[in-house]
Amino acid sequence: MISKGCEQCAMGGKMVLFVYGYCDERDCFYCPLGENRKNVTDVYANERLVESDDDVIEEARRMDALGSSITGGEPQEALDKTCHYISLLKDEFGEDHHIHLYTGITGGRENMRRLAEAGLDEIRFHPPLELWGDMHGTEWEDILYIAREEGLTPAFEIPGIRAEPEFLEFLDEGAAEFCNINEFEMSDGNYRRMQQKGYELQEGHMSAVDGSKRAILDEMGDHERVYFCTSVFKDAAQHRNRLKRMAQNLSRPFDEITEDGTLVYGKTYTPAERFIELGVPDEFYSIKSNHVEVAWWLLEEMIEEGDIDDGEIVEQYPTYDGTVVERTPLA
């Protein structure tokens, strides 16, 4: 089974709203947060540092977002801020803008009520690893029913560290709607701690951890309401499709959109007057403060024919920070 939130995510339609970098409940050795996100109060909409509500709305429009996922740190530890952004998105984009939230604490009824009133659709709990297998009769069981009573869809979202049948029991009992298992990964943020715990990368993979995937699939994978999200799928589908949505919205007439969702164009420091002299149509180039951006194939042709002396082909992400992937000199 795949939830509505996951369905939108697979389409690249979920904006990731990072609301708070602190998490006081515990220090998970597998926490993937990098240094720029860990223990900060900054808010990020995708890769964009948020300085105003308008930044959040603009970023959602940049990717034609179908919904948003609220993450951290721990969003419930900044509940006023979290509820503010949920309400902001619902007010701007309507009830169909699906919002889910990741949390590592139970929070209690009052938090569930406030989140539901703000407009949250779905809450995904990540219980502490040390409690896995021993959650029945605790606040972790109670909160699933409380969240549902307050109008939220309760679910689990956990890292694929090991198979744990208790999560299936919660599904069969009707307490949780579904359980997402993310393939266990090593990142820049957790690599050293993971190695200290004895984990290693799977051969041929950049992030997937060697080991537990097969056992988890064997024990939990056949349940109709368990979804295992691989690291390859996250990169090849979720991330790439989000980039493609952005690229379609932001590309200029002369930009080429690649299969990976990046934008390719030409760049030259040749004065703009030269393009006017050569009669280049306006839609094939854009004048910047100290350079000109132009259709890459046209720039390549002009350099080959000696009309222009310098240039390069640029490939970059369509994200707010515009990270450049590759530069290829032409002259």
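Author: Happy to! This is a predicted model. Let us begin with C179, which has a relative accessibility of 0%.

Reader: What makes C179 count as buried?

Author: Buried means under 20% relative accessible area, and C179 has 0%, so C179 counts as buried.

Reader: Why is C179 in no disulfide?

Author: The two sulfur atoms of a disulfide must lie within 2.5 Å. For C179 the nearest cysteine sulfur, that of C6, is 11 Å away, so by this cut-off C179 is in no disulfide.

Reader: And what about C28, buried or exposed?

Author: C28 has a relative accessible area of 14%; the limit is under 20%, so C28 is buried. The nearest cysteine sulfur to C28 belongs to C23 and is 6.3 Å away, so with a cut-off of 2.5 Å C28 is in no disulfide. The count of disulfides comes to zero.

Reader: Now the rings, please! Why is the pair of F125 and W140 called edge-to-face?

Author: Ring centres must lie within 6.5 Å to pair, and planes over 60 degrees apart count as edge-to-face. The centres of F125 and W140 are 6.3 Å apart and their planes are at 85°, so this pair is edge-to-face. F125 belongs to strand β6 and W140 to helix α5, 15 residues apart.

Reader: How do you know that W140 is buried?

Author: W140 has a relative accessible area of 4%, and the limit is under 20%, so W140 is buried.

Reader: What makes the pair of F156 and F170 tilted?

Author: Stacked needs under 30 degrees and edge-to-face over 60. The planes of F156 and F170 have 55° between them, so the pair is tilted.

Key: Residues are numbered from 1 along each chain as its sequence is written. This is a predicted model: local features need pLDDT of at least 70, side-chain atom pairs count only at pLDDT 80 or more; totals for chains, interfaces and linings use all residues. Side-chain values use heavy atoms; hydrogens and water are left out. Buried means under 20% relative accessible area, exposed over 50%, partly exposed in between (1.4 Å probe, protein chains only). Rings of Phe, Tyr and Trp (its six-membered ring) pair if their centres lie within 6.5 Å; planes under 30 degrees apart count as stacked, over 60 as edge-to-face and the rest as tilted. Helices (H or I, at least four residues) and strands (E, at least two) are DSSP runs, numbered from the N terminus.
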